[in-house]
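Here are a few friendly exercises on charged side chains. Keep the model open and try each task before you read its solution.

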Amino acid sequence: MSLVAGDRVICGENSTALLSLEDNSSILLQENSELEFTRLKTLGGGKRKSMNARLKVNQWRMNMTANPAHIPDSSYEILTVSANSAVRGTGFRIGVEKESSRTEVLDGLVSVGNAWGNVDVPKNFGTVAKKDSPPIRQVELLSAPDLDSFPTLIRYLPTVVALNSLAQAHGYRVQVARDAAFTDIRLDRIVREKLMIDQKLEDGKYYLRVRGVDANGLEGNNAEKIFRIDARPEAPMARTPLSDRVLHVGDVDFSWAAVEGVSSYLLELARDADFTQLQKKESLPGTDTTLEIREPGNYYYRLSSVTADGRQGPPGKAVQIRVLPVPAVPEPEPPAVEGDKLRLAWQKVEGIASYQIQLAADPDFHELVADIRTTKPWIQIHRPPGGYYYFRLRSIDTEGYEGGFGTPRRFEVEPGSYLPVILFVLASALLLL
């Protein structure tokens with residue numbers, strides 16, 4: 001659309017506006033900015049038209065490249081709440097906040113003044129003008145920050161990146177755009193030392209621009225970098241097992257939360273955190289599965305989402321699990337009767353916290369005589385009545401996991417005295433006479 005004197009351009013939240021003038025000057029308005037054309041005249045004809053314009057920046061920020069072809073007679077006057085600027089062929093930034101304005105010159109020379117004073121600001125310098133005060137003496141702009149540590153590929157969101165390479169910086173202006181000219185800006189903010197790239201940015205190629213902000217609020221020279229976001233589809237959230245869970249050799253159940261728009265999931269199980277020692281790699285349509293783990297030790301597993309067209313997202317955070325051996329069955333020793341006591345003993349098992357011993361009068365252990373837990377490799381109980389008995393053992397490890405019972409052992413407890421038996425036999429014989 002065309003603009004004429006008296007028009008105002010207002011940028012709302014998360015928006016920018018690029019304005020082109022007859023002499024190829026360009027103005028980029030940032031979000032929440034307002035610019036008014038109070039004078040807008042075209043001089044001359046043909047391809048080398050000159051401009052005579054007065055612009056009023058009512059609020060926030062704009063970048064301007066004025067008269068890049070250096071056409072004679074092109075001139076611009078920039079009005080703000082606290083000072084006016086005169087420019088001819090230059091590149092600069094202007095920011096307006098309440099009753100002050102900042103001017104940062106990127107190329108050429110800008111004259112900034114008000115009723116209380118005037119200052120010429122050359123390339124790579126800036127000034128601040130407050131209402132009812134003269135502009136401050138020109139201040140050299142901060143050098144471009146170092147972006148070597150900023151990743152060229154971001155696979156996980158949110159990602160936090162440190163921006164602290166300039167000792168004099170009180171903060172950093174960060175802009176992220178979809179184009180190299182920064183007309184399609186998707187993120188624009190001032191941060192202290194860290195920048196968070198979050199889920200608001202879609203996957204794709206981006207252009208990054210960062211500059212330091214000094215104690216006066218002046219923004220310095222730009223550092224730029226290209227990076228990509230490739231974070232979708234996001235990995236599912238693991239539910240079981242979690243890292244604080246202790247497992248044992250055998251079948252292990254895995255489950256995770258569903259991800260919208262995903263057709264399958266990739267489960268990887270490895271012996272190392274780098275997943276170079278893969279043990280299992282399975283593509284699964286659902287959100288749970290069971291894997292058999294035969295060897296004890298430390299394991300790591302991670303999950304990735306896969307779309308219907310086969311696009312695999314980044315793997316989720318690796319979860320470490322500890323798999324312990326199933327507690328060994330203690331080897332029993334022969335039972336021993338000592339007076340009125342019955343002693344049951346077994347070989348000690350290393351790494352075991354306790355044992356469970358069951359004594360029964362039947363091989364199915366329905367008629368329990370004793371059911372005891374102990375930390376010692378033996379127990380001693382009152383001698384039961386004469387007859388045949390069965391006992392079995394199992395180990396319990398330090399995590400409270402109970403191993404399986406071993407094979408029951410059958411043994412005989414002889415009667416304490418044969419006199420009752422002899423009397424019974426004699427009585428039976430007399431009855432028969």
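This is a predicted model: local features need pLDDT of at least 70, side-chain atom pairs count only at pLDDT 80 or more; totals for chains, interfaces and linings use all residues.

Residues are numbered from 1 along each chain as its sequence is written, and side-chain values use heavy atoms, with hydrogens and water left out.

**Exercise 1.** Find how many salt bridges there are.

Solution. Start from the rule: a side-chain nitrogen of Lys or Arg lies within 4 Å of a carboxyl oxygen of Asp or Glu. Applying this rule gives 23 salt bridges.

**Exercise 2.** Locate Asp-230 and Arg-155 and describe their salt bridge.

Solution. First, the distance: their closest N and O atoms are 3.6 Å apart. Next, the positions: Asp-230 is in the loop between strand S20 (223-229) and strand S21 (238-240), while Arg-155 is in the loop between strand S14 (153-154) and strand S15 (159-162), 75 residues apart. Strands here are DSSP runs (E, at least two residues), numbered from the N terminus. Finally, accessibility: buried means under 20% relative accessible area, exposed over 50%, and partly exposed in between (1.4 Å probe, protein chains only). Asp-230 has 23%, so it is partly exposed; Arg-155, with 27%, is partly exposed too.

**Exercise 3.** Is Glu-268 buried or exposed, and which residue is its salt-bridge partner?

Solution. The partner is Arg-302, with the closest N and O atoms 2.9 Å apart. Glu-268 lies in strand S24 (residues 264-270) and Arg-302 in strand S27 (residues 297-306). Glu-268 counts as buried because its relative accessibility is 7%.

Definitions and conventions
Helices (H or I, at least four residues) and strands (E, at least two) are DSSP runs, numbered from the N terminus.
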